[in-house]
Amino acid sequence: MKSLRSQLLVSHILPLVILLPLLGLILLYVIETQVLLAGLTEDLARQATFLAELAAEQQDIFVNRDEGESFARETGAQSQRYVSLYGADGNEWVVVVEDDAPDAAEPSATELEALKVGRVQTRAVLSVDLAQTTAEAFAPVLNAQQRLIGIVRVTEHIDRVNARLTQIRLLILGSTLGALVLAVGLGTYLARRTSQWLERVTYAIGGLAHGEPISEATERMPIEFRAAFDAVGDLQTRLRESEETRKRLLANLVHELGRPLGALQAAIHALQQGADREPALREELLQGMDGQVERLKPLLDNLASLHGGLSSALTLHRAPTDLNTWLPQILVGWREAAEQKHLAWVEEIQPNLPPVNMDANRMAQVIGNLLSNAIKYTPEGSGKIRVLAERRDNEILIAIHDTGVGISQQDMEQIFDPFYRGQNARFPQGMGLGLAIAREIVDAHGGRLCAVSELGTGSRFEVFLGL
Ligand code: ADP
């Protein structure tokens with residue numbers, strides 16, 4: 001009983017094996033007593049009435065015992081039932097005794113009263129043993145003045161209708177057995193099918209663990225298994241995605257760390273080979289090294305944010321911030337970077353902006369990521385960066401425009417995914433993290449980060465923050 005199949009089989013079949021025969025027996029008893037017996041008493045009443053009418057024409061049978069007896073015998077033989085006669089006082093007049101005749105029972109006082117007014121009486125004497133169950137009918141024999149002159153009693157054992165009963169019993173037995181066989185067959189089939197589906201789901205999950213794709217047609221499956229398959233499919237997709245993300249992260253990291261490390265190593269070699277003896281060269285090399293380390297900082301910031309964001313909800317340290325003082329401060333460094341690349345720089349900050357309740361450091365990271373992209377993806381010497389801040393109804397909009405390479409429609413759908421780098425990102429370095437983190441921070445502030453871009457024309461990134 002260890003396998004699920006045998007347990008299912010038993011749970012399907014056991015109740016049926018117990019219930020069906022029980023139901024069959026109950027049905028048999030009900031049919032025999034309620035249906036057959038009722039029919040039998042009706043039949044007996046009809047016959048007794050007929051015999052009473054016959055007896056009314058031969059009133060001598062209540063005077064002459066022999067005539068009475070032959071009447072009872074003849075009519076009993078014709079109808080194949082037991083016929084007895086009673087006097088008008090209800091006392092036994094003629095009872096034809098045969099071996100298997102049921103016990104004679106006189107009409108009770110109440111029955112006698114009813115008979116006197118011409119009403120036929122029927123009774124069924126029920127017994128758990130069907131062979132002892134009898135049905136009988138008393139019919140009054142009335143003279144021309146409608147006075148009771150005698151009573152005709154017709155009796156029958158219920159097992160005299162045994163032939164009919166046997167037929168019904170066989171029918172019920174047969175259908176019970178048939179239902180049992182059908183139920184066992186169906187139960188076996190269902191148990192087998194359920195365990196087969198389970199085996200297939202298990203097999204598919206096993207295959208998944210070895211990196212195989214799911215190749216199952218799920219349309220004909222029971223919905224529970226289909227749901228399991230779908231869940232496994234989702235799991236597989238997520239595993240594949242996270243595997244791809246991991247690969248992209250590693251590739252980007254190697255790329256991002258490789259460049260500054262290479263530059264640092266080259267500078268160290270130069271110093272080892274005597275460059276430190278020339279003060280001007282040494283100073284230049286050290287500054288270069290410092291610059292490389294400085295450039296690694298935003299990368300580490302983004303990686304740290306990513307780690308924080310993924311492992312727990314982003315915690316913000318909000319404070320009301322005056323944008324008119326805060327924004328120009330953080331733009332200084334980026335303005336220099338843009339000017340170094342010979343890009344035009346425009347700042348349009350609406351005066352008297354209301355204070356915004358925000359985490360200023362996090363928001364500086366957002367603006368930094370957007371501006372570093374704008375500068376990075378705008379070709380040297382011929383472009384323009386424009387920073388705009390203004391109030392829009394109940395929101396503050398900070399927008400960063402560039403006239404750079406732009407983003408294709410296809411890339412647009414994914415640029416906010418972690419580690420995703422667009423087609424246009426082949427040459428300048430990056431981790432594909434800046435936008436994902438920027439959006440996460442803006443979302444945590446209850447704001448929105450949107451992008452509009454056209455390939456070859458430029459891009460606009462908009463941060464909306466609620467007031
Ligand atoms: P990264 O810049 O490190 O690749 P981001 O998450 O900052 O990563 O940006 C994702 C992608 O979006 C970039 O690879 C680039 O293709 C595109 N992108 C972002 N900002 C701009 C922009 N201002 N102009 C053109 N493309 C951009």
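Tutor: Gladly, and we start with a definition. On a 1 Å grid over the protein atoms alone, a cavity is a set of points where a 1.4 Å probe fits but cannot get out, while a pocket is an open set with protein on both sides within 12 Å along at least five of seven lines; lining residues have an atom within 4 Å of a point. This is a predicted model, where local features need pLDDT of at least 70 and side-chain atom pairs count only at pLDDT 80 or more, whereas totals for chains, interfaces and linings use all residues. Residues are numbered from 1 along each chain as its sequence is written, and side-chain values use heavy atoms, with hydrogens and water left out.

Student: Which residues lie nearest the centre of the second largest pocket?

Tutor: The volume of this pocket is about 220 Å³, taken as the space filled by probe spheres set on grid points that are joined across faces, edges and corners. Its lining has 10 residues, and those nearest the centre are Glu241, Thr245, Arg248, Asp417 and Pro418.

Student: Which helix gives the most to that lining?

Tutor: Helices here are DSSP runs of H or I with at least four residues, strands are runs of E with at least two, and both are numbered from the N terminus. Helix H5 (223–272) and helix H6 (279–311) each supply at least two lining residues. With four residues, the top contributor is H5.

Student: How many salt bridges does the structure hold?

Tutor: We count a side-chain nitrogen of Lys or Arg within 4 Å of a carboxyl oxygen of Asp or Glu. By that criterion, the number of salt bridges is 15.

Student: What parts does the salt bridge of glutamate 111 and arginine 123 tie together?

Tutor: These side chains meet at 2.6 Å, N to O. Both residues are buried, meaning under 20% relative accessible area, where exposed is over 50% and partly exposed lies in between (1.4 Å probe, protein chains only). The partners are 12 residues apart in sequence, so the pair ties together helix H3 (residues 109–116) and strand E3 (residues 121–125).

Student: Is glutamate 339, which has a salt bridge with arginine 335, buried or partly exposed?

Tutor: The two side chains meet at 3.3 Å, N to O. Both residues lie in helix H7 (residues 323–340), four residues apart, about one turn of the helix. Arginine 335 has 36% relative accessibility and counts as partly exposed. Glutamate 339 has a relative accessible area of 41%, so the answer is partly exposed.

Student: Which residue stands opposite serine 84 in E2?

Tutor: Strands pair if DSSP finds at least two bridges between them. Strand E1 (residues 82–87) and strand E2 (residues 92–95) have three, in the antiparallel sense. Opposite serine 84 stands valine 95.

Student: Is phenylalanine 419 buried or exposed?

Tutor: Phenylalanine 419 has a positive phi of about 70 degrees although it is not a glycine. Its place is the loop between helix H9 (409–412) and helix H10 (434–444). With a relative accessible area of 5%, phenylalanine 419 is buried.
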